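Please consult the sequence and the model shown here while reading.

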Amino acid sequence: MSTDRVRVVQENLDRFLAEAAQPPVALAASDPVREGTTLTARDALALFEDQLLSRVADVEARRLKALGRSFYTISSAGHEQNAVVGAHLRTTDPCFLHYRSGGLMMARGRKQPGVDMAFDTMLSVCASEDDPISEGRHKVWGSRALWVPPQTSTIASHVPKAVGTAFALARARRMGVDPGLPEDSIVCCTFGDASANHASALTGVQAARYGSRRGNPLPILFVCEDNGLGISTDTPWRWIQETFGGHKHLRYMEADGPIDDVWDAVEEAVDTCRSTRAPVFLRLVTVRLWGHAGSDIEAAYRSKQDIEASEAQDPILRNAARLIELGVATPEMLRERLASVRHRLRAAAEEASGRGHLDSVQRIMAPLAPYDEGRVRLSACASVAKDARRTFWDGDLPEDASSPVKRTMAAHLSAAMADEMLKRPEILVFGEDVGRKGGVYYVTAGLQKRFGQTRVIDTHLDETSILGLAQGAGMLGLLPMPEIQYLAYVHNAVDQLRGEASSLQFFSAGQYSNPMVVRIAGLAYQRGFGGHFHNDNAMGGLRDIPGLIIAVPSRGDDAVRMLRGCLAIAKECGRVVAFLEPIALYHQKDLLTEGDEKWLFDYPPPGEALLPGDVGTYGEGPLLIVSYANGLHMSLQARDRLAREHGVDARVVDVRWINPLPFDAIRREAAGARAVLVVDECRRTGGGIAEPVVADLAESGYQGVLRSVRAPDCFIPLGPSADLVLIQTEDVMAAALSVMATTHA
Ligand SMILES: Cc1ncc(C[n+]2csc(CCOP(=O)(O)OP(=O)(O)O)c2C)c(N)n1
Ligand SMILES: [Mg+2]
């Protein structure tokens, strides 16, 4: 068997077009291709050209790859019937696409003057800096003009945000925010048949059904491009139908057969989704030609008969035959189209592969973490309408409150959220139990009552969907504030932050953003409610996400100022922010002795804010302790005892911002210190701050002694044993004394 299946498939088409008989009739351009369809001869021919563009782009990508001039060979070959989906959708229907949706993109591009999707595709496979969507950062289907946010290579990870976008369409309008799309827009999300088994796909579909069942408009069209294979593993016969057919709150349809039948089926699916504003699942039957990617040797796991059977089902071959049979075109017309497309793509390939690539770290990173401090500070410190506040607080402003109960971090955060919601009508608060109950720790208590169910939503129990909604809402102009109940429970959905939300600005060259402030209750030291999953003392899984801002307040007033800063960063710069709230400090009142109430603070009135780089400092002394959160609380206790019991003075710095770490401020503070002790409640190698802070000081030439206190690399047991694997004030004392002893020696 010839191993060059690209050539074989092309030759099949050429041979067919050379030998095909003339059509029995000739249709006029505006004639329907047969009775009972809206597909006209003109549309059918245009679709065929879209499909050819997609096909020949794949051929050229492989040719260039063999020459070392392109870098991506996962093709759409065999999937080109998806062009019909592109033809039926509007360019104002947001699309989140499978990597084989090339036909769809060509058909969509045709609707937008000034867009040349074929050329852009070649730029993309060549990783050219001129690729309009990603500037060569990845081969993605994406376009700002066509409302197609770029997808990542993680299969199905785009499904939750597609659902979130569909949900946010109507929600934004209800909140008075214009999403910039027509009211009857729908969202389209395509994926493969193997991907349909993935947790992200299943949870996306489930979220759509659940949301719809709850009475929300959820106009999402799921399109499963079913080629029966996931790389080498076959999908059981009828599996997609068995899995997604027959569910309530999900209309299931199929599109298969000749182009005109596919046209009718897709039309019905799109129209149903648009008119019912409810989820529709369309199985689009496809074949996969040429293996999974250029590097895949398909013959190793598929028989010759199997491969040839797929090739015989080549949609372009079948469509060519159908167009001739229906009288849409003569073989000669199709030959001419094919020749012209080949000519056009060859020129595009040559041109695109000659263009440059991003050529500096600076240019590569430019869209990753945009930050305009001036704008952010203005926005963070902007006042909240006085009258609205007075009415809302019923004359009892939080900064005037005197009851200590009102001044814990939890109470302050609650008030700060209310103030920010008054100030920013685009804020949407959602998560598990945040509405009626007010959150597990009552931080969102009362918000739903005051702001209504439109702006404060109890979601179903799924962190992936929560973060999917955050992305969709953010893309449509809302300012999402999702809550994740515990740090340990962000891990099961962390790809939505890591691979998706945090990478959107990067892979879209800053053309799309999904601003959000994700509130996460976390860290350890909870009394009475323990075990690892409620006391997760590691944030390494967040710290290594490029561009993600991580804020960790240690006291109530800081929390308020930092939250204002975080919302402003999200709003003004489109950034993704993790706001990690130390559970054990939510209701902490005391600092040094029981009942001293020294950890209660006044509510900072609107106008005050903290931004990355703004650290907190306590005291003076030759010992510098660098810490955050519970460690900060313990460090301040240690500082008091060091002075009283040992005559050792220490200065304590609260870094407040875990990402980006305030290295400049730490270096400045360290300059006058004989020793620096980093108190890190996270695990020794769990991605806390000790490693980077110590490394930075060492590398920047700090001459004093460096030491750290960190927790062992262990999960946290239930009950009193927990304290054995969590650092304690005693540990801070011991390390501080030992390090100071070294400096005296
Ligand atoms: C989460 C994840 N796991 C594994 C992969 C590697 N991978 C890429 S494509 C693919 C198969 C997908 O098959 P299917 O969804 O049927 O799409 P098809 O390629 O057949 O169109 C796999 C396993 C990935 N990209 N993402
Ligand atoms: Mg497949």
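Arg 656 is buried, because its relative accessible area is 9%; buried stands for under 20%, exposed for over 50% and partly exposed for values in between, with a 1.4 Å probe and protein chains only. The residue belongs to the loop between β16 (650-654) and β17 (657-659). Helices (H or I, at least four residues) and strands (E, at least two) are DSSP runs, numbered from the N terminus.

The side chain of Arg 656 makes a polar contact of 2.9 Å with the side chain of Asp 558. A polar atom of the Arg 656 side chain also lies 3.2 Å from the backbone oxygen of Asp 614. A polar contact is a pair of N or O atoms within 3.5 Å; within protein, one must be able to donate a hydrogen and the other to accept it, and residues adjacent in sequence count only if both atoms are side-chain atoms. When neighbours within four places in sequence are left aside, the contacts of Arg 656 (heavy atoms within 4.5 Å) include Ile 550, Val 552, Met 562 and Leu 610.

## Basis of the model

The model is predicted: local features need pLDDT of at least 70, side-chain atom pairs count only at pLDDT 80 or more, and totals for chains, interfaces and linings use all residues. Residues are numbered from 1 along each chain as its sequence is written, chains are lettered from A and ligands numbered from 1 in the order in which they are written, and side-chain values use heavy atoms, with hydrogens and water left out.

Asn 82 is located in the loop between α2 (41-66) and α3 (83-88). With a relative accessible area of 0%, Asn 82 is buried. Its side chain forms a polar contact of 3.1 Å with that of Glu 225, and a polar atom of the Asn 82 side chain lies 2.9 Å from the backbone oxygen of His 79.

In soluble globular proteins, nonpolar side chains tend to be buried together. The largest nonpolar core here has 87 residues, and Phe 222, Leu 542 and Ile 689 have the most contacts inside it. Helix α6 (residues 159-174) supplies the largest share of this core, eight residues. A second, separate core holds 81 residues, among them Ala 418, Tyr 486, Ala 570 and Ile 716. A nonpolar core is a set of buried Ala, Val, Leu, Ile, Met, Phe, Trp, Tyr and Cys residues joined through side-chain atoms within 4.5 Å.

## Salt bridges

The structure holds 59 salt bridges, each defined as a side-chain nitrogen of Lys or Arg within 4 Å of a carboxyl oxygen of Asp or Glu. In one of them, Glu 426 pairs with Lys 571, the closest N and O atoms being 3.0 Å apart. Glu 426 lies in the loop between α16 (409-423) and β8 (427-431) and Lys 571 in helix α22 (residues 556-573), so the pair ties together parts that are 145 residues apart in sequence. Glu 426 is buried at 10% relative accessibility, whereas Lys 571 is partly exposed at 37%.

Another salt bridge joins Arg 519 and Glu 581 (2.6 Å, N to O). Since Arg 519 lies in strand β11 (residues 516-522) and Glu 581 in strand β13 (residues 576-582), this pair ties together parts that are 62 residues apart in sequence. Both Arg 519 and Glu 581 are buried. Elsewhere, salt bridges that share partners link Arg 34, Asp 260, Asp 261, Asp 264, Arg 322 and Glu 325 into one network.
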